[in-house]
Amino acid sequence: MTIIVFGSINIDLAAKTPRLPQPGETIIGSNFFTAGGGKGANQAVAAARLGTSTHIIGRVGNDKFAEQLLTNLQSYGLSTDNVLIDQNTHSGVAIIAVDETGQNNIIVIPGANNNVGEADIERLKKLLTAATSLLLQLEIPLEVVQKAAEAARQAGVRVILDPAPARADLPLELYPLIDIITPNEVEASQLVGFRVNDTETAIVAAKHLQERGVKNVIVKLGDRGAVAVTADETFFVPAFAVEAIDTVAAGDAFNGGLASALDAGLSLSEAVVWGCAAGALCATKVGAQVAMCDRATFDNFLHNLT
């Protein structure tokens with residue numbers, strides 16, 4: 001069986017800064033690099049690095065970044081057969097600033113990701129017959145996300161939605177199609193309309209989302225851990241203590257770890273532990289896909305904690 005990631009593929013243009021700039025302020029950075037990114041591609045790499053059979057469906061543009069992005073995905077063992085080169089636009093771009101504490105801000109210009117559509121849905125349907133989970137994010141058109149979720153539901157495939165970038169306008173019809181939703185505090189706040197900033201408010205938010213039809217809700221609380229609410233239980237998984245250098249793709253690593261655990265037949269509580277571990281290890285390195293840990297490192301990390 002396999003995981004399918006249907007989503008964005010970006011080129012990351014990242015700058016290291018002593019702190020994040022204020023509006024209207026210019027500051028001097030200390031480092032710059034380009035790397036493969038996009039929430040979809042990041043999650044695909046995270047799962048593949050953990051040894052899970054993973055397919056990615058998406059688009060890159062007709063530009064110099066396309067070859068770099070495709071080669072990068074292939075280097076992690078991912079097939080790019082279902083990544084279309086869109087001749088009519090540029091590849092998606094993310095402009096990232098990361099400060100000395102590992103905090104970041106990001107500007108995303110979608111490019112080819114905005115053109116993901118019906119042709120990509122048709123490619124998805126052909127792969128769903130052998131899939132355990134479909135991972136979705138919100139860096140492609142929202143109506144296409146919903147169609148992908150509908151296709152997965154019809155095929156009996158688990159739908160995991162990372163509702164990022166944060167937005168409050170998810171259609172009510174989408175929620176019942178979601179088996180697991182994984183917002184962070186900011187995204188959860190946007191979805192429910194009140195501030196989510198601790199375990200208690202995360203649980204309240206999760207129950208609001210369940211009322212809209214989501215089966216399971218996992219609220220990622222950054223360096224505090226994650227809260228999960230299902231129909232039968234509510235539980236908290238504390239974060240793993242690591243020295244965070246760059247948190248830019250920790251949430252994507254979480255989703256890759258979560259889906260990999262479920263694909264391996266583990267319980268949801270065990271899968272949240274995997275997600276937290278993958279996110280923690282990702283935060284110890286600079287970058288997005290380059291920061292995703294391999295299975296040996298992951299297993300050793302978990303083994304040393306028990």
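Two strands are taken to pair if DSSP finds at least two bridges between them, and on that basis I181 stands opposite V217 in β11. This is a predicted model, in which local features need pLDDT of at least 70 and side-chain atom pairs count only at pLDDT 80 or more, whereas totals for chains, interfaces and linings use all residues. Residues are numbered from 1 along each chain as its sequence is written, and side-chain values use heavy atoms, with hydrogens and water left out. Helices (H or I, at least four residues) and strands (E, at least two) are DSSP runs numbered from the N terminus.

**Helix α8 and its surroundings**

- Helix α8 covers residues 268-282, and its 15 residues reach 21 Å from the first C-alpha to the last, close to the 21 Å expected at 1.5 Å a residue, where the expected span is 1.5 Å times one less than the number of residues.
- Because 12 of its 15 residues are buried, α8 is largely enclosed by the rest of the structure; buried here means under 20% relative accessible area, exposed means over 50%, and partly exposed lies in between, with a 1.4 Å probe and protein chains only.
- Among the buried residues of α8 are L268, V272, W274, C276 and L281.
- The buried residues of α8 pack against strands β10 (180-181), β11 (216-220), β12 (225-229) and β13 (234-238), and also against helices α7 (250-263) and α9 (295-305), with contact meaning heavy atoms within 4.5 Å.

**Nonpolar cores**

- A nonpolar core is a set of buried Ala, Val, Leu, Ile, Met, Phe, Trp, Tyr and Cys residues joined through side-chain atoms within 4.5 Å.
- The largest such core has 60 residues, of which I9, I218, L258, V272 and F298 touch the most other members; α8 gives the most to this core, with 10 residues.

- Four strands form an open sheet in the order β3-β2-β6-β7, and the pairing is mixed.
- Strands β3 (31-37) and β7 (104-109) stand at the edges, each with a single partner strand, so one side of each is left without a neighbour in the sheet.
- Neighbouring strands of this sheet are turned by 20 degrees against each other on average, direction ignored; axes are lines fitted to C-alpha atoms, for helices over the stretch in contact, and angles run from 0 to 180 degrees between N-to-C directions.
- Strand β2 (residues 10-16) and β3 run antiparallel and are joined by 7 bridges, and the bridge partner of I11 in β3 is G36.
- Helix α2 (residues 64-75) packs on the sheet, where it touches β2 and β3, and the direction of α2 makes about 70 degrees with that of β3.
- I109 lies in the edge strand β7 and, at 32% relative accessibility, counts as partly exposed.
- Leaving out residues up to four places away in sequence, I109 touches H90, G92, V93 and I95, while the C-alpha atoms of I109 and S133, 24 residues apart along the chain, are separated by 27 Å.

- On one pairing, β10 and β11 run parallel and are joined by 2 bridges; β11 and β12, in turn, pair in the antiparallel sense over 4 bridges.
- The bridge partner of K220 in β12 is A226.
- Strands β11 and β12 form a hairpin with 4 residues between them, and G222 in the turn has a positive phi of about 60 degrees.

- T80 sits in the loop between α2 and β5 (83-86) and is buried, with a relative accessible area of 13%.
- Leaving aside neighbours within four places in sequence, T80 is in contact with L70, L73 and Q74; T80 and F33, by comparison, are 47 residues apart in sequence and 23 Å apart in space, C-alpha to C-alpha.
- T54 is found in strand β4 (residues 54-61) and counts as buried at 8% relative accessibility.
- The side chain of T54 reaches the backbone oxygen of T52 at 2.8 Å, a polar contact being a pair of N or O atoms within 3.5 Å, of which, within protein, one must be able to donate a hydrogen and the other to accept it, with residues adjacent in sequence counted only if both atoms are side-chain atoms.
- Not counting residues up to four places away in sequence, T54 touches T2, I3, V5, A44, A47, A48 and L78.
- The peptide bond from A164 to P165 is cis, with omega near 0 degrees, and P165 is found in the loop between β9 (158-161) and β10.
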